[in-house]
Amino acid sequence: MRIHVYATLKDYFSPEFELEAVAHNTDELKRCLADINGQARQLLDSCRFAVEEGFIDNEYKLKENDTVIVIPPSSGG
Amino acid sequence: MIRSSSSLPPVGVSEPPLGVCEAISSEPLDIVELLRNAHHPAAGAVVLFSGEVRDHNKGRDVAYLEYEAYPPLAVKMIHEILAEAKEKWGLQLAIAQHRIGKLDIGESAVVVITAAAHRGEAYEANQHIIHRIKHEVPIWKCEYFSDGTHQWGNNCNC
């Protein structure tokens, strides 16, 4: 699945990349991302996830062709 | 009319009376033009908030800011926040526009305008809208300091 990250997450990951590991939900996705860069583990716990224009929670079943947006805490304004 | 960058995904335009601008803009925010579109015959109070780039934060000299957003979701959320506030406070108008890209000191990063029959609702709704935009909408600030370092987020004192 395709992963897009924003803001401070770009200090830990490429802005866009293909996730080779299999993740069926957001909890598994967090673990996969933390395996790539363990320094991001705490930040990942405070992130939200979205597919297209909607947030997803851990109940959402991730599909191989999903593009998942990883959203760190907002800091607009 | 406010323009947005052609590099951004298409963004929705609020139907009047919610707002007449695009919610995310890579161009400087035109506060005068936004305010010009914020008058309504039933509104006796119009409140405009402009969040602007200051030259310091927590004792450090700020050189400039950069804002990033995930526009497909940010635009949708801003429209929902405006619609909810309009309903809750009975506003005649609710407008919000957030800038992205590089901003120099003194530039406006976000504008929220609320118009209501009386000032109480206009002030309260305006405060509510900017609070939710800052804390919920996928928009991020990166501060670039005069010593050459930078820092994402972690800069809200409210």
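This is a predicted model: local features need pLDDT of at least 70, side-chain atom pairs count only at pLDDT 80 or more; totals for chains, interfaces and linings use all residues.
## Getting your bearings in chain B

Start with chain B, which has 3 helices and 9 strands. Read from the N terminus, the elements of chain B come in the order β-α-β-β-β-α-β-β-β-α-β-β.

Chain B has 158 residues, and 39% of them are buried. What about contacts between parts of chain B that are separated in sequence? If you take the contacts between residues at least 6 apart, 71% of them link residues at least 24 apart.

## Where the two chains meet

One spot to look at here is Ala50(A), which sits in strand 3 (residues 48-51) of chain A. Setting aside residues within four places in sequence, Ala50(A) contacts Phe55(A), Ile56(A), Ile69(A) and Ile71(A), and also Leu73(B) from the other chain. Ala50(A) and Thr67(A) are 17 residues apart in sequence, with 8.6 Å between their C-alpha atoms.

## The nonpolar core

The largest nonpolar core has 56 residues. Val70(A), Ala74(B), Ile78(B), Ala96(B) and Ile129(B) have the most contacts inside it. Which element gives the most to this core? That would be helix 2 (residues 71-89) of chain B, with 9 residues.

Leaving out residues up to four places away in sequence, Val70(A) touches Ile3(A), His4(A), Val5(A), Leu9(A), Cys47(A) and Phe49(A).

## Two helices side by side

Now for a closer look at a helix pair. Helix 2 of chain B packs against helix 3 (residues 119-136) of chain B, with an angle of about 155° and axes 10 Å apart. Because of that angle, the two helices of chain B are roughly antiparallel. Helix 2 of chain B passes helix 3 of chain B in a right-handed crossing.

Who makes the contact? From helix 2 of chain B come Met77(B), Ile78(B), Ile81(B), Leu82(B), Ala85(B) and Trp89(B). Helix 3 of chain B answers with Glu121(B), Glu124(B), Ala125(B), His128(B), Ile129(B), Arg132(B), Ile133(B) and Glu136(B). By type, the residues of this contact are 9 nonpolar, 1 polar and 4 charged.

Take Met77(B), which belongs to helix 2 of chain B. Is Met77(B) buried or exposed? Met77(B) is buried, because 21 C-beta neighbours fall inside 10 Å. Beyond four places in sequence, Met77(B) is in contact with Glu136(B) and Val137(B). Met77(B) and Glu136(B) are 59 residues apart in sequence, yet their C-alpha atoms are 8.3 Å apart.

## Two positive phi angles

Most residues other than glycine have a negative phi. So here are two to check out. Ala7(A) has a positive phi, near 55°, and lies in the loop between strand 1 (2-5) and strand 2 (16-18) of chain A. Lys58(B) also has a positive phi, near 50°, and belongs to the loop between strand 3 (56-57) and strand 4 (60-69) of chain B.

Their surroundings are another matter. Ala7(A) counts as buried because it has 24 C-beta neighbours inside 10 Å, while Lys58(B), with 10 other C-beta atoms within 10 Å, is exposed.

Asn25(A) is in the loop between strand 2 and helix 1 (26-36) of chain A. With 15 other C-beta atoms within 10 Å, Asn25(A) is partly exposed. Apart from residues within four places in sequence, Asn25(A) contacts Asn58(A), Tyr60(A), Lys61(A) and Leu62(A). Asn25(A) is also 38 residues from Lys63(A) in sequence and 8.9 Å from it in space, C-alpha to C-alpha.

Over in chain B, Ser26(B) lies in the loop between strand 1 (24-25) and helix 1 (31-36). Ser26(B) has 18 C-beta neighbours inside 10 Å, so it counts as partly exposed. Ser26(B) and Ser146(B) are 120 residues apart in sequence and 23 Å apart in space, C-alpha to C-alpha.

Note on methods: Residues are numbered from 1 along each chain as its sequence is written. Chains are lettered from A and ligands numbered from 1 in the order in which they are written. A nonpolar core is a set of buried Ala, Val, Leu, Ile, Met, Phe, Trp, Tyr and Cys residues joined through C-beta atoms within 7 Å. A residue is buried if 20 or more other C-beta atoms lie within 10 Å of its own, exposed if 12 or fewer, and partly exposed in between; C-beta atoms are placed from the backbone. Helices (H or I, at least four residues) and strands (E, at least two) are DSSP runs, numbered from the N terminus. Two residues are in contact if their C-beta atoms, placed from the backbone, lie within 7 Å. Axes are lines fitted to C-alpha atoms, for helices over the stretch in contact, and angles run from 0 to 180 degrees between N-to-C directions. Angles under 35 degrees count as roughly parallel, over 145 as roughly antiparallel, 65 to 115 as roughly perpendicular and the rest as oblique. A crossing is left-handed if the near helix is turned anticlockwise from the far one by less than a right angle, and right-handed if clockwise. Ala, Val, Leu, Ile, Met, Phe, Trp, Tyr, Cys and Pro count as nonpolar, Asp, Glu, Lys and Arg as charged, and the others, Gly among them, as polar.
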